[in-house]
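Here is my note on this chain, written for someone opening the file for the first time. The points are numbered so that you can check each one against the view.

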Amino acid sequence: MKQVKKIAVALMLFVAATSFVNAQSKVAHIDVTQLLSAMPEMKAAEAELKKLQETYGADIQASMTELRNKYTQYQNEAASKSKEENEKRAVELQGMEKTVGEFQQNAQQEIQKKQAELFAPISEKAKAAIERVANAQGFDYVIDAQVGSGLIVANGKDLLADVKKELGI
């Protein structure tokens, strides 16, 4: 009886190992960054983001110029002003510096928020296209082939051309 149990267990292990080997998944790869940069929507989003950055940059530069001019003016006039007046001017300059710093932080936050708002739908569109192509071609896994993403060998199917075709680019 013990002999039969051992043979049954060995047989089940053999069947399980055989099915595991036969059930290997198909894997493909794609450079998602390259795909996104080829999408016309991404180019338009990057242009819009650049325009916003330039607008904020110009505003910040104008504020910095105003602050420098006021600082130079107050320095030149310091000898002819009273101690109280100079202290009042120093506080005013500190307030202006703080305002400019806060504006810079707010501008950076707004740019990041706009970037997320612009890029999210584009990323979703690319992901959906990758999924459609992978499903159509029978791939179980698609790995990002971007340098530094952890992919060491990329001998499998590259889906970039097929996904670009799916997106019409």
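1. Start with His-29, which stands opposite Asp-158 in β3. This is a predicted model, so read every value here as computed from that prediction. His-29 also has a bridge partner in β2, namely Ile-143.

2. Now count the bridges. β1 pairs with β2 in the parallel sense over 4 bridges. With β3, β1 pairs over 2 bridges, also in the parallel sense.

3. Step back to the whole chain. There are 5 helices and 3 strands. Along the sequence the pattern reads α-β-α-α-α-β-β-α. The chain has 169 residues, and 19% of them are buried. Take the contacts between residues at least 6 apart in sequence: 82% of these join residues at least 24 apart.

4. The next item is a helix pair. Helix α3 covers residues 40-77, and helix α4 covers residues 83-137. How are two packed helices described? By the angle between their axes and the distance between the axes. Here the angle is about 175°, and the axes lie 10 Å apart. An angle over 145 degrees counts as roughly antiparallel. α3 and α4 are therefore roughly antiparallel to each other. By class, their contact has 19 nonpolar, 5 polar and 13 charged residues.

5. Pro-40 lies in helix α3. Its C-alpha is 9.7 Å from that of Ile-122, although Pro-40 and Ile-122 are 82 residues apart in sequence. Pro-40 is partly exposed, because its relative accessible area is 47% and that class runs between 20% and 50%.

6. Ala-44 is found in helix α3 too. Is Ala-44 buried, exposed or partly exposed? Ala-44 counts as partly exposed, because its relative accessibility is 48%. Look across to Leu-118: the two C-alpha atoms are separated by 9.4 Å, while the residues are 74 apart along the chain.

7. Ala-45 is also in helix α3. With a relative accessible area of 4%, Ala-45 is buried, because the cut-off for buried is under 20%. Beyond its neighbours within four places in sequence, Ala-45 is in contact with Leu-118, Phe-119 and Ile-122. The C-alpha atoms of Ala-45 and Glu-117 are separated by 9.6 Å, and these two residues are 72 apart along the chain.

8. Turn to the largest nonpolar core, which has 25 residues. Which members touch the most others? Ile-30, Leu-35, Met-39, Leu-159 and Val-163 do. Two or more residues come from each of β1 (27-30), α2 (32-38), α3, α4 and α5 (160-167). The largest share is that of α4, with 10 residues.

9. Finish with Leu-159, one of the core members that touch the most others. Set aside its neighbours within four places in sequence. What is Leu-159 then in contact with? The list is Ala-28, His-29, Ile-30, Val-133, Ala-134, Gln-137, Phe-139 and Val-142. His-29, the residue from the opening point, is among these contacts.

Conventions:
Residues are numbered from 1 along each chain as its sequence is written. This is a predicted model: local features need pLDDT of at least 70, side-chain atom pairs count only at pLDDT 80 or more; totals for chains, interfaces and linings use all residues. Side-chain values use heavy atoms; hydrogens and water are left out. Axes are lines fitted to C-alpha atoms, for helices over the stretch in contact, and angles run from 0 to 180 degrees between N-to-C directions. Angles under 35 degrees count as roughly parallel, over 145 as roughly antiparallel, 65 to 115 as roughly perpendicular and the rest as oblique. Ala, Val, Leu, Ile, Met, Phe, Trp, Tyr, Cys and Pro count as nonpolar, Asp, Glu, Lys and Arg as charged, and the others, Gly among them, as polar. A nonpolar core is a set of buried Ala, Val, Leu, Ile, Met, Phe, Trp, Tyr and Cys residues joined through side-chain atoms within 4.5 Å. Buried means under 20% relative accessible area, exposed over 50%, partly exposed in between (1.4 Å probe, protein chains only). Contact means heavy atoms within 4.5 Å. Two strands pair if DSSP finds at least two bridges between them.
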